[in-house]
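Subject: Structure handover and findings

Hello,

Here is the structure you will be taking over. My notes follow below it.

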Amino acid sequence: MKRKFMSLLLCAAVTATLIAGCGKSSNGGKETDTKESDSLVMPVSATVTSLNGNLETMAEGAFQLAPYQDELYYVDQDETRWYLAESCEISEDGLVYTMKLKDNLKWHDGEAITADDVIFTFNCNLNTNNGAGFSNVVFVDEQEVKAEKVDELTVAFTLPEVSASYYSLLGNLILIPEHAFDGNTDIKSAEANLTDIGSGPYKLVEFKDGESLVLEKFEDYYGSEPQIDKIIFKVISDPSAQEVAFKNGEINFLAASSDDVVKSVNETDGVALHTLAEGRVKYLAWNKYCATWNNRDAVKAVFMALNQEEIVKGAYGDYMGKTANSIFSNRNTFYDESIKGYEQNLDEAKSLAQSSGLAGKTIILHYNTDRGYMEATALLIQEQLKAIDVNVEIQGIDANGFFDVVFTDQDDYELYLNEYAAIGDPDNVVAGMLDGTWGINVDTPQEILDLFQKGRQTTDVEERAAIYKELQQKAAEAYLVYPIAYPNYCFATSDTLEGTEDLSTTPVFEDYTKLSFK
Amino acid sequence: MKKFIVNRLAQMLIVFITVSIFSFSIIYFSPGDPLYLYTSPAKSSYKMTDEQMDAMREELGLNGNVIERYLNWAGNMLKGDWGMSVSNHQPVKDQIMDKLPNTIGLMGAALVLSVLAAIPLGLLAGYYKNRWIDNIISGISYLGISLPAFWFGIMMIIVFSLHLGLFPSAGMRTVGVTSAADVIRHAILPVIVLSVNNTAVFVRYIRSNTIEQMEEEYVTTAVSKGVPRVQVMKNHVLKNCLLPIITMVGMNFGTLITGSFIVESVFGWPGLGTLCMSAVNSRDYTMIMGITMLACTVLLIGNFLADVLYGFADPRIKQGKEKSNG
Amino acid sequence: MDKKAMKKVFLSNKMAVVCTILVLLIVLAAILAPLSPYDPDASNVAEKMQGISSKHLLGTDDIGRDTLTRTIYGGRVSLIVGFASMCVAVIVGTFIGTISGYMGGMVDVILMRIVDIFMSVPSLLFIIAIYAFLPRNMFSLVGMLAFFSWTKVARVVRAQTLTLKERDFIIAAKSLGVSRGTIIRTHIIPNLMPQIIVSASLSIANAILDESALSFLGYGVQLPMASWGSMLQTAQKFILHNPIMAVAPGVMILATVLCFNVLGDILQQILDPKLIK
């Protein structure tokens, strides 16, 4: 018995050392050769939960699906860039949108992309059991949009009423193939969601949940030929580990998580640093279902107690963000620089805290542990609110659970830190965050909802600008939310990677075919 | 022997049922409506009607009293239906089974490594009791049981991965490379970190056992008769020292499981630990229940095997040993 | 061995003395923490992420808090959590252990099966799972740690009670008609003290280690309160740029746990020289 046991152990030991030895020697050269030249490896904190862009709606997921699924078209501040769609025409009365697909489109499995797929995707969004439909491309003001096939490549969308943002919203629609789902619009648990249902320049090679997502060049892509062979998303959840991996050359893309990272990367040879305004708004919101805020003066007290400069300097440092003044981001089409943000007024804040009964209370603040700067922001807010005798209890929740806890009608917490993308048309995301589609616990006054509505129904650009200026002003006056910062997106790549500069949208990169290695 | 195994199995069954009740009640008594996880605005922009809510409740087995619900749940678990994950709507069992080999591999390698390292170290320390070599080994083993594994892991990453560049810092493979060698290269640091605690425990155990054996009469007699000490060591002491390791391995299985969870989260190892952490964070209770039940099962089986193996290896040990050990 | 002799042996053991002094120093520092010129929670953005300097002996963290001060205050939390959960575990463990050992029979069987159940679940996993539904404060933390650690004490105490039960003075007391409760209180427990002290020492070490692991995984004390574990969690993000933030609390955990482990072992050897395991 003993002898057998020992010899078994010995065998195991020998094999283990042998394999380990081989591993070390065989790896070194080979791996670094291939990687640098033809694949872009990017770290992520978690893999996508679904390969279906209609179900995967959070930023981290969109980042991974960007090379894999194309939009119809993208409306930027000064131009429209066409992807799957060739054109989209709006009728005189602003109610009918006729969208025409390009005629050489193929799914990654080789089937042609047709109007039927558009209709199918549309119907999936209409099927509320899917819990999808954040894109809201199927509803305008809670009334259904009608989609009709005109010919094999053309679909006409008939709106119940005029909506100025519908044009850019429709462009964001991500198509899914009807044949992969057998035409069944109940797609929530469909197995096809984990198979290749993409249309972008990179197709699926391998998806390992919690580990990696590997994409490779799609030969039949309709656009210009992708130049990098592989795009790889690798799960490295810890920011320090990401940095180590970047310095070791295991990955060749690094989104900086702090000022120090930017500084240290700046000093490294062979690395190029890129900075984009992310177009996001980081804000502090209060939960209207919580009785603490029944007296609006309590909200004012909190807003007035905060020192925004100090928070942004402390949490974001010199590179990573700037103070926010509006609920629209600095990359929003209708962002207005002249809106005044909140200013600190401690005396006023103290007396309001006293009179509203806020002083002496302990309140709960939730933040998303997977979003940068949130913890430091939370700590600084906690510290600053001590000045008005408010005790803040901070609770971090990771990205997977954050929205389930925060976007509820429960009254068990007071404040939360969140962020939203606010690039382009304000009606797409900003409105959703504030009108009860997502952030159902934000107490938006009717007046502001009306302004959102009015902005949606106005097609004249000048007029819209005026409406949105008033809206931003009103939101500030109503103590709706406290926009804290507009973060920058700083990312480092090896300086051999070219084409990163043309693309100014986040999540990067809008068009992966533009990227190449020198 | 047969009686011992049957007895042990019966005990295991009782423990298993209790644990399952325990893990079920964690969820049952947790505040809030579990249904909310499906209907929250982050999951669905659509407000369900009451009938739809009831239908969903029925589908998820959330109707009925505690006992019905427990039996329903336990029945489904046994049938292999572990439910759907709340966060991505895919079957829990598939996701767990997908990750299980990674965790088992990590644990297994760590276990082998710690046994292999502990045997010579423990014997040496015991043989040279209180000499400098013993002092060094014992000192290190004290460090080993006192090291916070996650901290040690981070330090290892800094030294071996960042500064020396010997090993990758995270993950289980280089993407696109499918060789076993690559997995092993990724596994070296986590396996070392995971095995440190167990190695230290084993070393201390073997050391004290060796000392005990060396003082036994048969050893002292043999030595006084002129048999070389090394000979005695090889022929007698070794055997009596090594047998109890089997029990030690069994008893330390629990530490190994929780240890692997921590190590996984430090090294971003895609195993059950990482899966469990994100499940806890997203209140994905079907996933939490699945993982806890599986971990307990693995632990119970580990303990059971250790006991039985020990029984085989040393027939003197039967029920009696259990009593005296308490 | 009488108490005086034990004391002498203990004091002649260099390791024991060194460890005792270290533990006392750490405890003293924790008690005297308010003497530090800095507020452990007060941020100072102008001085964030500094290295070692005469002003901040161990530098500052990401929002400008003094690392040394936070380490000392963190020691308070870690020690309190360790000590409190040890107390609960020892009290419960002694209670159950003596009852189980002294009563024997069905009571013993049932209690020991319960202990078996506790020992065959991966405790950290359960703590984390339960934690998802508990308010995150020090009470639940201490409660959870104690809930899963009393079993070790109970086992040791039970085994010792079993042997004590057969000793003459207990049998004599029994035959004199002294009640069970009194026997346990006045004869058994005082004689268990050596084992209890050893268990207590090892139990503190374990509790501190477990607390730090929990904090590290994000289930520890609340922000901004620091424990060594939660400091490590924060430090992990900045470990490449400000490693001292991670080294300080890590070394403290290591030193404290090491001392308690060594002390526990030495005590055990002195109190019960035969029981080296």
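Predicted model: local features only at pLDDT ≥ 70, side-chain atom pairs only at ≥ 80, totals over all residues.

Strand β10 (residues 202-208) of chain A runs antiparallel to strand β11 (residues 212-217) of chain A, and 6 bridges join them. Helices (H or I, at least four residues) and strands (E, at least two) are DSSP runs, numbered from the N terminus, and two strands pair if DSSP finds at least two bridges between them. A:Phe207 has A:Leu213 in β11(A) as its bridge partner.

Residues are numbered from 1 along each chain as its sequence is written, and chains are lettered from A and ligands numbered from 1 in the order in which they are written.

**Chain A overall**

The secondary structure of chain A comes to 14 helices and 22 strands. Of its 518 residues, 52% are buried; a residue is buried if 20 or more other C-beta atoms lie within 10 Å of its own, exposed if 12 or fewer, and partly exposed in between, with C-beta atoms placed from the backbone. Among contacts in chain A with a separation of 6 or more, 70% are between residues 24 or more positions apart. Two residues are in contact if their C-beta atoms, placed from the backbone, lie within 7 Å.

**An open sheet**

Four strands of chain A form an open sheet in the order β4-β5-β9-β8, with antiparallel pairing. β4 (85-90) and β8 (146-151) of chain A are at the edges with a single partner strand each, so one side of each is left without a neighbour in the sheet. From one strand to the next the twist averages 20°. Inside the sheet, 5 bridges join β5 (residues 96-101) of chain A to β9 (residues 154-158) of chain A, and A:Val96 stands opposite A:Thr158 in β9(A). Helix α3 (residues 115-126) of chain A lies across β5, β8 and β9 of chain A, at about 175° to β8(A). Axes here are lines fitted to C-alpha atoms, for helices over the stretch in contact, and angles run from 0 to 180 degrees between N-to-C directions.

**Core**

The largest nonpolar core has 309 residues, and A:Ala301, A:Leu365 and B:Ile291 have the most contacts inside it. Such a core is a set of buried Ala, Val, Leu, Ile, Met, Phe, Trp, Tyr and Cys residues joined through C-beta atoms within 7 Å. Leaving aside neighbours within four places in sequence, A:Ala301 is in contact with residues including A:Ala349, A:Leu352 and A:Ile388.

**Two positive phi values**

A:Asp389, in the loop between α10 and β18 of chain A, is not a glycine but has a positive phi of about 65°. A:Asp389 counts as partly exposed, with 15 C-beta neighbours inside 10 Å. A:Tyr479 has a positive phi near 55° and is found in the loop between α14 (461-477) and β20 (482-494) of chain A.

Regards
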